[in-house]
Amino acid sequence: MNFKSLLLSLCTAAIVVAQSSNYGGDDHTYIAPGPNDLRGPCPGLNTLANHGYLPRDGRNINVTTILDAGFNGYHMQPGVLELAAKVSLLTSDDPFTFTLDNIKLHGNIEHDASISRVDFALGDNARFNETIFTTLAESNPGDDHYNTTSAGQVQFLRLADSQAKNPNVTNTDKEFFIRSVESAFYLSVMGNPLTGVAPKEFVNIFFREERLPIAEGWKRSETPINGSTIGPMYRKIQAASNWTAGEGCHWVRLGSDDPIVDF
């Protein structure tokens, strides 16, 4: 086989692989995960997988796929997700890829006092929990929208609940930062990234079904979601959460078999 024929064969094989891939392309129909598909504690990433912006089986994810999926699915610019994507690699034994299930590793980007998951020490920290989510679902009564004030109040209540039930609750600056940014994410992705106001219907579907509520009228934001939009919203949420520093040291798990490392 000459070089030209070899090159043609490789290109053909690459096309076949791309066409048989379980994500990518223009088909972003919602498909609920099957019994062998992996999902994790992040509703935003699970939703991207359910719509085919990430591998639908939740496997073989790398930093590039995360950044592309965030942009294509949510109009979220790469700088917003880059650090979290890189840190998520530490949850996997593979140095280049991870699964959505890997990131349930406690102490990496997963954290206590989630608004939709049980604390690691208390149960299943990967699956959606309706009882936990009730705190958010019942917030801002009398209004059809969530906002930065209600998001902060939900964080305050969720942390208080975790502290009352979980003797091993972790509440460092790192966890507070992650919780606040995550709240800014759902307000931005499901609502207006400039005002931080999001319809309750969209947010509830996003968390409960891990689905983009396109049929209900949701559209991808025309405004890019980036540090300039997330920053002010994040600070408003932090102020409304009335957070008091617990443990001051930042720490992160460096792998599934590694001890907690303090910084």
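Reader: Which residues of helix 8 are buried?
Author: In this predicted model, the buried residues of helix 8 are Lys200, Phe202, Val203, Asn204, Ile205, Phe206 and Phe207. Helix 8 runs over residues 200-208, and with 7 of its 9 residues buried it is mostly covered.

Reader: And what do those buried residues pack against?
Author: They pack against helix 2 (43-50), helix 3 (63-74), helix 5 (130-137) and helix 7 (173-190), and also against strand 1 (145-146) and strand 2 (198-199).

Reader: What does the backbone do just after helix 8?
Author: Glu210 takes a positive phi there, of about 50 degrees. Glu210 has its place in the loop that connects helix 8 with helix 9 (227-241).

Reader: Is Glu210 buried or exposed?
Author: Glu210 counts as buried, because its relative accessibility is 11% and the cut-off for buried is under 20%.

Reader: Which residues is Glu210 in contact with, leaving aside its neighbours within four places in sequence?
Author: Glu210 is in contact with Tyr30, Pro43, Asn46, Thr47, Asn50, Arg117 and Ile205, and of these Ile205 is one of the buried residues of helix 8.

Reader: How do the axes of helix 2 and helix 3 cross?
Author: The two axes come within 10 Å and cross at roughly 80 degrees, which means that helix 2 is roughly perpendicular to helix 3. On the helix 2 side the contact is made by Gly44, Leu45, Thr47 and Leu48, and on the helix 3 side by Ile66, Ala69, Gly70, Gly73 and Tyr74. The residues of this contact divide into 5 nonpolar, 4 polar and no charged.

Reader: Why is helix 7 called largely enclosed?
Author: Because 15 of the 18 residues of helix 7 are buried, the rest of the structure largely encloses it. The length of helix 7 also agrees with expectation, since at 1.5 Å a residue it should span 26 Å and its end C-alpha atoms are 26 Å apart.

Reader: What caps the N-terminal end of helix 7?
Author: Thr172 does, with a side-chain oxygen that lies 3.1 Å from the backbone nitrogen of Lys174.

Reader: Another threonine, then: where is Thr97, and what polar contact does its side chain make?
Author: Thr97 lies in the loop between helix 4 (78-88) and helix 5, and its side chain makes a polar contact of 3.3 Å with the side chain of Asp94. Thr97 counts as buried, because its relative accessibility is 17%.

Reader: How many helices and strands does the protein chain have?
Author: The protein chain has 9 helices and 4 strands, which follow the pattern α-α-α-α-α-β-α-α-β-α-α-β-β along the sequence. Of its 263 residues, 46% count as buried.

Notes:
Residues are numbered from 1 along each chain as its sequence is written. This is a predicted model: local features need pLDDT of at least 70, side-chain atom pairs count only at pLDDT 80 or more; totals for chains, interfaces and linings use all residues. Side-chain values use heavy atoms; hydrogens and water are left out. Buried means under 20% relative accessible area, exposed over 50%, partly exposed in between (1.4 Å probe, protein chains only). Helices (H or I, at least four residues) and strands (E, at least two) are DSSP runs, numbered from the N terminus. Contact means heavy atoms within 4.5 Å. The expected span of a helix is 1.5 Å times one less than its number of residues. A polar contact is a pair of N or O atoms within 3.5 Å; within protein, one must be able to donate a hydrogen and the other to accept it, and residues adjacent in sequence count only if both atoms are side-chain atoms. Axes are lines fitted to C-alpha atoms, for helices over the stretch in contact, and angles run from 0 to 180 degrees between N-to-C directions. Angles under 35 degrees count as roughly parallel, over 145 as roughly antiparallel, 65 to 115 as roughly perpendicular and the rest as oblique. Ala, Val, Leu, Ile, Met, Phe, Trp, Tyr, Cys and Pro count as nonpolar, Asp, Glu, Lys and Arg as charged, and the others, Gly among them, as polar.
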